[in-house]
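Please read the following briefing alongside the sequence and the coordinates.

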Amino acid sequence: MKVFALLLSSFILCTQFCVAQVDTLYTSTTKIPCVVKEITPELVKYTNPGEDVLNSVYKNVVQKIVFKSGRVEVFAEAAAYKKVNVWREFEKVLLTQAEKDINGLIRIGDISTIEQGGSMFSNLAKIEDRAQRNLKIVAAMMGGNIIYIRHQDVQGSRYGTPIYGTAIAVNKPMEAFIAGIVYTNEPANADAFRKVIGDKKEFQATESASFTGNANDVRVYPSKRKFTVKEVKIDNDLLIVDGALEGASKYKSFKVASFDKEYFHVYYEDKGTAYNIKIKI
């Protein structure tokens, strides 16, 4: 027994010594023992211990590096992305027009909105703010926390003049159109989700939230809809549940927007309306 204890202690000391001889790269979901070779404006290049093959990871997904010397380098790029746990935290969603901000992130889907002023004298800045808020709400419902803006068109009020020979004049209020792509820096974890829900297949919703692009706000109401889980899978890097939701029979698959130990939220769209359903575990 003493010999075994001595061997175990030696193994632990050896392991700690070996780990101390390498750098440690921390992402949002894991840590990678490695030897950092180079840090470029976009990438961190490294090799695995005992190997010569050069690997790389985008700096966007790196939180920090702890070097074997003890020095710690924190990356501001990763710190800028805030975790969005539920759709109500939509203000945390980041809007960006820089492609470098989405390198290495997971694409969730396309998104767009158009917001018009109520009159010819509406405030253009406020209309643009409402359009951006609409995008953030839907992105949070989808489980995203970054929106890459691909196209933005903001136009002021347009006044028409009567066409020759007619008395017709066309006046259009100011409007803002924004289109983008929703991303997340949180990789999908099917194993963690399966562990949380266990063998349970039948669940019940507690809340339903819906949002249409031209609505003033999210419609939230209590719900007792039944939700059945048939399969949990990763599809195109997204956490998907194949199943059935009462009242949405034509849909067979739902994106898991977020989950914790008590609830999970699923997302789907129907006729231009975004839905986020809160389901009790």
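The protein exposes about 16,400 Å², of which carbon and sulfur atoms supply 53%, with accessible areas taken from the Shrake-Rupley method with a 1.4 Å probe and, for residues, only the protein chains shown counting as cover. This is a predicted model, in which local features need pLDDT of at least 70 and side-chain atom pairs count only at pLDDT 80 or more, while totals for chains, interfaces and linings use all residues. Residues are numbered from 1 along each chain as its sequence is written, and side-chain values use heavy atoms, with hydrogens and water left out.

**Overall make-up**

- The secondary structure comes to four helices and 19 strands, where helices (H or I, at least four residues) and strands (E, at least two) are DSSP runs numbered from the N terminus.
- Of the 281 residues, 40% count as buried, a class that means under 20% relative accessible area, against over 50% for exposed and partly exposed in between (1.4 Å probe, protein chains only).
- Among contacts (heavy atoms within 4.5 Å) between residues at least 6 apart in sequence, 55% join residues at least 24 apart.

**Strands and their pairing**

- Strand E5 (residues 62-66) runs antiparallel to E6 and is joined to it by three bridges, and Ile-65 has Glu-73 in E6 as its bridge partner.
- Strand E17 (residues 253-259) pairs in the antiparallel sense with strand E18 (residues 263-270) over four bridges; a hairpin joins E17 to E18 through three residues, and the bridge partner of Val-256 in E18 is Val-266.
- E18 also pairs with strand E19 (residues 273-280), in the antiparallel sense and over eight bridges, with Ile-279 in E19 as the bridge partner of Phe-264.
- The hairpin of E18 and E19 has two residues between the strands, and Lys-271 takes a positive phi near 55° there.

**Nonpolar cores**

- The largest nonpolar core has 29 residues, and those with the most contacts inside it are Ile-111, Val-138, Met-141, Ile-147, Val-182 and Val-218; such a core is a set of buried Ala, Val, Leu, Ile, Met, Phe, Trp, Tyr and Cys residues joined through side-chain atoms within 4.5 Å.
- Helix H3 (124-142) is among the elements that give two or more residues to this core, and H3 gives the most, with nine residues.
- Apart from this core lies another, of 21 residues, among them Ala-190, Ala-205, Val-232 and Phe-264.

**Aromatic rings**

- The structure holds eight aromatic pairs, where rings of Phe, Tyr and Trp (its six-membered ring) pair if their centres lie within 6.5 Å, and planes under 30 degrees apart count as stacked, over 60 as edge-to-face and the rest as tilted.
- The rings of Tyr-251 and Tyr-268 have their centres 5.1 Å apart and their planes at 50°, so the pair is tilted.
- Tyr-251 lies in the loop between E16 and E17 and Tyr-268 in strand E18, so this pair ties together parts that are 17 residues apart in sequence.
- Phe-254 and Tyr-268 form an edge-to-face pair, 5.7 Å centre to centre with 90° between the planes, and both residues are buried.

Methods
Pairing = 2+ DSSP bridges.
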